[in-house]
Amino acid sequence: MERNSLKRGFTLVELMFTLTVSGVLVAMALPSIRNFVEIHAAKDAVHRLTASLALARLSAVQRSRATGVCPSRDGVQCRRDGVWDEGWIVFSAPGPGGPSPDGADILEVAGGPGHGIRFRSSSHRSLVRYGRRGWAAGHNLTIELCTPRLGATHRLVVNNAGRARAEKLDPNETCQH
């Protein structure tokens, strides 16, 4: 009987070399993966807020009743400081200040973007209030999105006509808020 069998498998040295090379490649790719996740989380956050603004505008026109969107910490009451990081609410507006205290007027509650992303609105306006015809009278509202690694990446502007426009900013632009 001839013993000409081939041994299959790796030696310990080959396995250690393969793991070392794999570790170096993963370490080199990790910053790119983090940036990729951050970019897509920022885009998702901008799309979600834009969709909430569209919902509020459409609801105001369909119901012929003022509707608002504002930042919210608890999903029930509006924040007045222009910080949208923890989420926002869409509500049928009974008055100028926000939804009713019992939350009966709330149409949508959205969570914040996460991933260390900051949303800040212009200091003179944090509430978007759409009238019965879909107009958002007052000053333009600007909401800037800032990421931890990439800086300001997007700006969302709501004009007096109620139209929300998303702007992609130049890479590594400094955050204003």
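In this predicted model, the count comes to 9 salt bridges, a salt bridge being a side-chain nitrogen of Lys or Arg within 4 Å of a carboxyl oxygen of Asp or Glu. Local features need pLDDT of at least 70 and side-chain atom pairs count only at pLDDT 80 or more, while totals for chains, interfaces and linings use all residues. Residues are numbered from 1 along each chain as its sequence is written, and side-chain values use heavy atoms, with hydrogens and water left out.

**Arg73 and Glu86**
- Arg73 and Glu86 form a salt bridge whose closest N and O atoms are 3.5 Å apart.
- Both residues lie in the loop between strand 1 (67-71) and strand 2 (87-92), so the pair ties together parts that are 13 residues apart in sequence; strands (E, at least two residues) are DSSP runs, numbered from the N terminus.
- Arg73 counts as exposed at 53% relative accessibility, whereas Glu86 is partly exposed at 42%; buried means under 20% relative accessible area, exposed over 50%, and partly exposed in between, with a 1.4 Å probe and protein chains only.

**Asp85 and Arg120**
- The side chains of Asp85 and Arg120 meet in a salt bridge, with 2.5 Å from N to O.
- This pair links distant parts of the chain, with Asp85 in the loop between strand 1 and strand 2 and Arg120 in strand 4 (residues 118-121), 35 residues apart.
- Arg120 counts as partly exposed, at 21% relative accessibility.

- Glu167 is partly exposed at 24% relative accessibility, and Arg165 is partly exposed at 32%.
- Salt bridges that share partners join Arg73, Arg79, Asp81 and Glu86 into one network.

Terms used:
Helix = DSSP H or I, 4+ residues; strand = E, 2+ residues; numbered from the N terminus.
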